[in-house]
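Please open the model in your viewer and keep the selection panel at hand. The tour moves from one selection to the next and says what is found at each stop.

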Amino acid sequence: MIIFYRYVCDRRSVKHPVICSESGRAIVSHHSVLIFEAASDVKPVAHQPKPDDIQFLLQREEDLYAAVMRGDQERSLLYVEQLKQRCLEEFKEGVLSIEQLVSVDGLCEWVLKAIGGSDPVQTYNMNLSIFTSTPDHWGMGQLFPIVPIHKLDQKPGARGVLSDLTCDSVGKIIKFIGGESSLPLHEKDSYGGGGRYLLGLFLGGSYEETMGGVHNLFGGPSVVRVSQSDGPHSFVVTRAVFGQSSSDVLRAVQHEPEIMLQTLKHRAEEVMHTKGGGEEEEEDENEYKNVAACLDRSFHNMPYLATEEGIKFKEGVLSIEQLVSVDGLCEWVLKAIGGSDPVQTYNMNLSIFTSTPDHWGMGQLFPIVPIHKLDQKPGARGVLSDLTCDSDGKIVKFIGGESSLPLHEIDSYGGGGRYLLGLFLGGSYEETMGGVHNLFGGPSVVRVSPSDGPHSFVVTRAVSGQSSSDVLRAVQHEPEIMLQTLKNRAEEVMHTKGGGEEDENEYKNVAACLDRSFHNMPYLATEEGISE
């Protein structure tokens, strides 16, 4: 694109422009490859047509039956797709049962196979979590190049879709680059590589690692850092970091795995004692030891399967300036006819991607209300915007079909100059799925229990949120080295300026600022030193 700009400018004798581009994804997406294993595959069950199936085609689908009989593949494909969609709607309305829907689906597959219009598609069960490792695919349908990383000299003999380890129906990849609904893959029993089949997902180096949370308590994968080298293999492994263990993941969501493990062991021991002694005592003791060892492995190993190694604007029709102009014009028209209250934007000290990923990914709505001044009528309408640089880091849809919230004016509230809101009903997935997008880590956590005291509650635990160093360490960087490198560079600049007393004081201020930046949370600082 830049070369094209230069070519046009040169032809028109126009001075080359200064081009500013937000190209972060394009620049860094190449730096990372996700490698994962196909743990197993499931072949489609062959559908054997019954007389009722043929009768179904004759009675309800005369056009499809006629197209199949004359071998018209194009029209047969069209009619099959229409039949699938119609039956799916009937299932949703309760007209068809799940068994009938499955039968129709199998019948359609049989019809397509009979006319040569369908390859059997297998499901490859992958040892990964789509939500953790490819959140952009789950959240916004981003497509990534996915290919096997061995047997590339052999022609794949199967078509497949990918399913992950989670219990969620959307934990799968069924859309691929080029408009394909399946991938060309090798049969599970026909490849080499020590009984394993590895695939690589490319161009995921920008947001996937930072946005991936711990959905279903699957943590991040192991990381290997590779650099170019002059050696025989042209590369060298400079760092290898094991992925999070089950204990690490539990600790990340503010549980105490050591106490949990010990509690489970105590329960197992109690069961052993209730079974009695006698001749079976030694057998019970061995059983307990096996259970305890299994629990140890479960907590200390990774939560994955064990392996042998352990719209128009969007279409480019309007420019961003034209879009903003149209938006402003619409607001002016609504205000002129009395159809619009002025809506303010409240800049919130949080990351939507980290703290409410279900809203970003699937439009889940949560109750959001101020948690003080509830005895005063709100005097404004507002939408919420977060600290990130992303245009979709905002909440503009609310419960009840509202496009704004009733809030208090920012200069009219009490509470020590602060205005706090609460987001409710987010206790299931938000904490586990929230990653470190834009390097914003998890917030501080306070555990509260009911109590008979004067306030009817007691704080049983308080945990500060992740510091900038914690977040950097979570994505396999080394903050201590980074901090020291920045300090060294600042010191070099001081020496080049002469190194006087004023320069020395300036360096000390810079060094102290760097220390705070690395050791504090990456959110805006508050009076109490924590971020809500």
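The stops below pass through a predicted model, beginning with a single side chain and ending with aromatic rings.

Select Asp136 first, which is found in helix α8, residues 135-140. Is Asp136 buried or exposed? With a relative accessibility of 2%, against a cut-off of under 20%, Asp136 counts as buried. If residues up to four places away in sequence are set aside, Asp136 touches Arg25, Gly141, Gln142, Phe144, Tyr207, Glu208, Met211 and Trp360.

Next, select helix α12, residues 281-300, whose 20 residues reach 29 Å from the first C-alpha to the last, close to the 28 Å expected at 1.5 Å a residue. Colour Asp284, Tyr288, Ala292, Leu295 and Phe299, the buried residues of α12; they cover an arc of only 75 degrees around the axis, and therefore lie on the same side of the helix. The cover over these buried residues includes α10 (246-252) and α11 (257-274), whereas Glu282, Glu283, Asn290 and His300 are exposed on the other side of α12.

Now turn to the aromatic rings, among which a search of the whole structure finds 7 pairs. Select Tyr346 and Tyr419, a tilted pair at 6.5 Å centre to centre with 45 degrees between the planes. This pair links distant parts of the chain, with Tyr346 in strand β10 (residues 343-347) and Tyr419 in the loop between β14 (405-407) and β15 (421-423), 73 residues apart, and both Tyr346 and Tyr419 are buried.

Finally, show Phe131, Trp138, Phe353 and Trp360, which form one aromatic cluster; Trp360 is also one of the residues that Asp136 touches.

How values were computed:
Residues numbered from 1 in each chain as written. Predicted model: local features only at pLDDT ≥ 70, side-chain atom pairs only at ≥ 80, totals over all residues. Heavy atoms only, no water. Helix = DSSP H or I, 4+ residues; strand = E, 2+ residues; numbered from the N terminus. Buried < 20%, exposed > 50% of the residue type's maximum accessible area, 1.4 Å probe, protein only. Contact = heavy atoms within 4.5 Å. Expected span 1.5 Å × (residues − 1). Arc of directions from axis to C-beta. Phe/Tyr/Trp six-rings, centres within 6.5 Å; stacked < 30°, edge-to-face > 60°.
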